[in-house]
Amino acid sequence: MNDSKQNNRYQIEENGRRLATIKTYRNQYHLRNCYIRFDLNDHEKIIDPSILQSIADEQKCPLQAMIASSETQKANFLKAQGFKKVRVCYEVEVEKNDLFVTEPFQEMEILKANRGDADYLSCCEMLFEYYKVTHEAINPLTSPFEEFIELMPDEVLYAKEHYEIQHVAFVEGDEIAYVSSNNEQTFARFAFTVVNMLFEVYPSIIFEADNTDWVAMTLKNLFNVASTVTFDTWIYESSGN
């Protein structure tokens, strides 16, 4: 068995037969890890457990793979290569009748700001700090604030207490793109109010929630959803990185 590289693409072969193809790439916002995408032809014949270690050693950093949770063959391959699953991301689409609330929340006053407003910038600053914390252990944010806010939707819904921003939800159409909070006791009320506002306009809403992000998971837990599409993040760290 041997592997060859061309243009950040590795081929794993045995006797001229391709067993797997692995492509490496970088994310400009998270530069510590090297990301991989891969296709398997016959992974059961890949008996060398150090194939991906050699790529990590060459890249001089941890490797990161993101796959659908349903891709069990790929998951088994990653485990055999020494990867660890570190995060699950839920892709959620819900309707108002999916709301699961044991007792009604008292709704909260919601404010709105747009790009260029002073409070919009303050909401971005709050999200930036929270985002750094939630990603630090897996793959730290490496982009500066000025680049980070370019990714943000132009509209943010937020709530204040004693003139201080407590909760934010960046929205774009029917999508809640980013959420952040510094108050665990009242965020569920904020989220409940926001989703009801959106349901007045849209029959369904969408968002993502990482199991490493308590704010997003609080939003997800407002709903009783039998099944969701999930994606898993796997990390490989060699002893040399």
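This report describes the fold, the nonpolar cores and selected helices and residues of a predicted model.

## Basis of the description

Because the model is predicted, local features need pLDDT of at least 70 and side-chain atom pairs count only at pLDDT 80 or more, while totals for chains, interfaces and linings use all residues. Residues are numbered from 1 along each chain as its sequence is written, and side-chain values use heavy atoms, with hydrogens and water left out.

## Overall fold

The protein chain holds six helices and 12 strands, where helices (H or I, at least four residues) and strands (E, at least two) are DSSP runs numbered from the N terminus. Its C-alpha atoms fill a box of roughly 65 × 40 × 25 Å along the principal axes.

Of the 241 residues, 46% count as buried; buried means under 20% relative accessible area, exposed over 50%, and partly exposed in between, with a 1.4 Å probe and protein chains only. Among contacts (heavy atoms within 4.5 Å) with a separation of 6 or more, 70% come from residues 24 or more positions apart.

## The nonpolar cores

A nonpolar core is a set of buried Ala, Val, Leu, Ile, Met, Phe, Trp, Tyr and Cys residues joined through side-chain atoms within 4.5 Å. The largest one has 28 residues, and Ile 176, Leu 219 and Phe 223 have the most contacts inside it. Two or more residues come from each of β6 (84-95), β8 (155-161), β9 (164-172), β10 (175-181), α5 (187-199), β11 (204-210) and α6 (214-220), with α5 giving the most, eight residues.

Leu 219, not counting residues up to four places away in sequence, touches Ile 176, Val 179, Phe 187, Ala 191, Val 195 and Phe 207. A second, separate core of 23 residues includes Ile 12, Ala 20, Ala 56 and Ile 67.

## Helix α5

Helix α5 is mostly covered, since 11 of its 13 residues are buried, among them Phe 187, Phe 190, Ala 191, Val 195 and Phe 199. What covers these buried residues includes β6, β8, β9, β10, β11 and α6. From its first C-alpha to its last, α5 reaches 18 Å, close to the 18 Å expected at 1.5 Å a residue, the expected span being 1.5 Å times one less than the number of residues.

Met 197 also has its place in α5, but is partly exposed, with a relative accessible area of 30%. Leaving aside neighbours within four places in sequence, Met 197 is in contact with Ile 110 and Leu 157.

In α1 (residues 51-59), Ile 51, Leu 52, Ile 55, Ala 56 and Gln 59 are buried. Seen down the axis of α1, these buried residues fall within an arc of 135°, so they line one face of the helix; the arc is that of the directions from the helix axis to the C-beta atoms. Lys 60, which follows α1, has a positive phi, near 60°.

In α2 (residues 72-80), the residues Lys 74, Ala 75, Phe 77 and Leu 78 are buried, and they fall within an arc of 160°, so they too line one face of their helix. On the other side of α2, Thr 72, Lys 79 and Ala 80 are exposed. The buried residues of α2 pack against β4 (30-40), α1, β5 (63-68) and β12 (229-236).

## A buried arginine

Arg 87 lies in strand β6 and is buried yet has no salt bridge, the nearest side chain of opposite charge, Asp 210, being 4.0 Å away. A salt bridge is a side-chain nitrogen of Lys or Arg within 4 Å of a carboxyl oxygen of Asp or Glu; Lys and Arg count as positive and Asp and Glu as negative, while His and the chain ends are not counted.
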